[in-house]
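Trainee: Could you take me through one part of this model slowly, and explain how its helices are set against one another?

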Amino acid sequence: MFDVLSNTSQSAANDEALFAQIATDLQINGYSINYGALPNDLTASLLLHLKHMDSAKFEQAGIGRDQAFTRDDSVRRDEICWITGESDAGRNWLDWMQAMRIFLNRRLFLGLFSFESHFAHYAKGDFYKRHVDAFKGDDNRVLSVAVYLNQDWLPDAGGELVIYNDDNDQQGIKVAPTYGTIALFLSEEFPHEVTVTQTDRYSIAGWFRVNTSTAARVDPPR
Ligand SMILES: O=C(O)CCC(=O)C(=O)O
Ligand SMILES: [Fe+2]
């Protein structure tokens, strides 16, 4: 006896399987790397949207938040555009990440409260030096996400995400930014970098956050 699953329930089942794999990886290792695992229709629509986006919407990326915000092209060279959900592709992405957020909260009790993300473009020669996305006790970014939109990525093109296990690790785990790949890691735990890319590199970087609002200060969206 075979169950005939409709397209939607099949893709919901695929999503659940991926989210479960991510939850298990995070629990065991604190990071999760999934080559080509993003749903095909989602990856395709994000790439199409990116290709048609006005390049003027991209701004040079900075480091730090609020008052500590600076731009320093010796540290990072990418251009970014925040995803607001105005486009269908952006909306579908945020909906999908919302489903992941709810799943991870149920499975791991992480208390993830919100999600923010931006497209990033690294042109030839661009990089992002080794850094952490959140400092212990200082920030409310809990889980970092990177998704890659590069078709036909060549092994010698550089532009790898390197995730280090701790401050002393010099070797790291290398992730090639290939089409549909999704990598996640705990924001406070893993220093990481993007090595110099030899060609245009397109990605989404995102962060799940916990809520740090108080009566005196409302948590800003980013
Ligand atoms: O694009 C990547 O692989 C990671 C980017 C990153 O580390 C960041 O934007 O904080
Ligand atoms: Fe980062």
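Mentor: In this predicted model, the axes of helices H1 and H3 come within 10 Å of each other and cross at roughly 50 degrees. Because that angle lies between the roughly parallel range, under 35 degrees, and the roughly perpendicular one, 65 to 115, H1 is described as oblique to H3. The crossing of these two helices is right-handed. On the side of H1, the contact is made by Asp15, Phe19, Ala23, Leu26 and Gln27, while H3 brings Ala99, Met100, Phe103, Leu104, Arg107 and Leu108 to it. Sorted by class, the residues of this contact divide into 8 nonpolar, 1 polar and 2 charged.

Now follow H1 itself, which runs over residues 7-29 and has 23 residues. From its first C-alpha to its last, H1 reaches 32 Å, which is close to the 33 Å expected at 1.5 Å a residue. After H1 comes Gly30, whose phi is positive, near 85 degrees.

Helix H3, residues 88-108, also packs against helix H2, residues 40-52, and here the angle is about 140 degrees, with the axes 8 Å apart. That angle makes H2 oblique to H3, and H2 passes H3 in a left-handed crossing, whereas the crossing of H1 and H3 is right-handed. The residues that make the contact are Leu42, Ser45, Leu46, Leu48 and His49 of H2, together with Asp88, Ala89, Gly90, Asn92, Trp93 and Trp96 of H3. By class, this contact of H2 with H3 has 6 nonpolar, 4 polar and 1 charged residues. If you place the two lists beside each other, you can see that H3 meets H2 through residues including Asp88 and Trp96, and meets H1 through residues including Ala99 and Leu108.

Definitions and conventions: Residues numbered from 1 in each chain as written. Chains lettered and ligands numbered in written order. Predicted model: local features only at pLDDT ≥ 70, side-chain atom pairs only at ≥ 80, totals over all residues. Axes fitted to C-alpha atoms, helices over the stretch in contact; angles between N-to-C directions. Helix = DSSP H or I, 4+ residues; strand = E, 2+ residues; numbered from the N terminus. Parallel < 35°, antiparallel > 145°, perpendicular 65-115°, else oblique. Left-handed = near helix turned anticlockwise from the far one by under 90°. Contact = placed C-beta atoms within 7 Å. Nonpolar A, V, L, I, M, F, W, Y, C, P; charged D, E, K, R; others polar. Expected span 1.5 Å × (residues − 1).
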